[in-house]
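Q: I'm new to this structure and would like a close look at a single part of it. Could you walk me through it slowly?

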Amino acid sequence: QVQLTMSGGGSVQPGGSLRVSCAASGRPVTNLDIDWFRQAPGKERKFVGGITRDTDTIFYADSVKGRFTISRDAAENTVYLQMNSLQPEDTAVYYCAVRAAGTFDYPYWGQGTQVTVSS
């Protein structure tokens, strides 16, 4: 079993920055493939990016590439989503999730955290 506990997020003006944390318990984050998603009001959940367990490969959706950064801290057993140059269209509930190896199944999810970008 893995539990993901999210923190961070909040409200910021356009152009600002926020960081969301995803702390894992039950397994080391270095043994997990973790992806990030977001869901805006009335819209489908969308993939934001992710980090793999073995190759440390990090990948991003085109919509956030160059603005968002995913990182991992093994000592804190936490994965981070640093969001810079935020825009109103980034407003959403953000989620982290464990991706089952070799699949696109997500058996474990964080509780979600709201990010609001508004002037």
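Which strand does Asp33 lie in, and what is going on around that residue?

A: Asp33 lies in strand 4. Keep in mind that this is a predicted model. Strand 4 covers residues 33-39. Asp33 has a relative accessibility of 7%, and because buried means under 20%, it counts as buried.

Now look at what Asp33 does with its side chain: it reaches the backbone nitrogen of Arg53 at 2.7 Å. Setting aside neighbours within four places in sequence, Asp33 is in contact with Ile51, Thr52 and Arg53, and also with Ala97, Val98, Arg99 and Ala101.

Arg53 is partly exposed, with a relative accessible area of 25%. Its own side chain reaches the backbone oxygen of Asn31, at 3.0 Å. So there are two polar links to look for here, because a polar contact is a pair of N or O atoms within 3.5 Å: the Asp33 side chain to the Arg53 backbone nitrogen, and the Arg53 side chain to the Asn31 backbone oxygen.

Arg53 touches a whole set of residues, not counting those up to four places away in sequence: Arg27, Thr30, Asn31, Leu32, Asp33, Arg72, Arg99 and Ala101. Compare that with the list for Asp33, which also includes Arg99 and Ala101.

Phe37 is buried, with a relative accessible area of 10%. The charged end of Arg45 sits over the Phe37 ring, 6.0 Å from its centre.

Phe37 also brings us to the aromatic rings. A search of the whole structure finds 6 aromatic pairs. In one of them, the rings of Phe37 and Trp109 have their centres 5.2 Å apart and their planes at 40°, so the pair is tilted. Trp109 counts as partly exposed, at 29% relative accessibility.

Tyr95 and Trp109 form an edge-to-face pair, 6.2 Å centre to centre with 80° between the planes. Tyr95 lies in strand 9 (residues 92-99) and Trp109 in strand 10, so this pair ties together parts that are 14 residues apart in sequence. Tyr95 counts as buried, at 18% relative accessibility.

Cys96 and Cys22 form a disulfide, with their sulfur atoms 2.1 Å apart. The count comes to 1 disulfide. The torsion about the S-S bond of Cys22 and Cys96 is about 80°, so the disulfide is right-handed. Cys22 is buried, and so is Cys96.

What about the setting for strand 4 as a whole? The largest nonpolar core has 27 residues, and the members that touch the most other members are Ile34, Trp36, Phe68, Leu81, Met83 and Tyr94. Strand 4 is one of the strands that each supply at least two residues of this core, and others include strand 3, strand 5 and strand 9. Strand 7 (68-73) and strand 8 (78-83) are also among them.

Most residues other than glycine have a negative phi. Asn77, though not a glycine, has a positive phi of about 50°. Asn77 lies in the loop between strand 7 and strand 8, and is buried, with a relative accessible area of 17%. Ser85 has a positive phi too, near 50°. It is found in the loop between strand 8 and strand 9, and Ser85 is partly exposed, with a relative accessible area of 36%.

How values were computed. Residues are numbered from 1 along each chain as its sequence is written. This is a predicted model: local features need pLDDT of at least 70, side-chain atom pairs count only at pLDDT 80 or more; totals for chains, interfaces and linings use all residues. Side-chain values use heavy atoms; hydrogens and water are left out. Rings of Phe, Tyr and Trp (its six-membered ring) pair if their centres lie within 6.5 Å; planes under 30 degrees apart count as stacked, over 60 as edge-to-face and the rest as tilted. Helices (H or I, at least four residues) and strands (E, at least two) are DSSP runs, numbered from the N terminus. Buried means under 20% relative accessible area, exposed over 50%, partly exposed in between (1.4 Å probe, protein chains only). A charge sits over a ring if NZ of Lys or CZ of Arg is within 6 Å of the ring centre and within 35 degrees of the ring normal. A disulfide is a pair of cysteine sulfur atoms within 2.5 Å. Contact means heavy atoms within 4.5 Å. A polar contact is a pair of N or O atoms within 3.5 Å; within protein, one must be able to donate a hydrogen and the other to accept it, and residues adjacent in sequence count only if both atoms are side-chain atoms. A nonpolar core is a set of buried Ala, Val, Leu, Ile, Met, Phe, Trp, Tyr and Cys residues joined through side-chain atoms within 4.5 Å.
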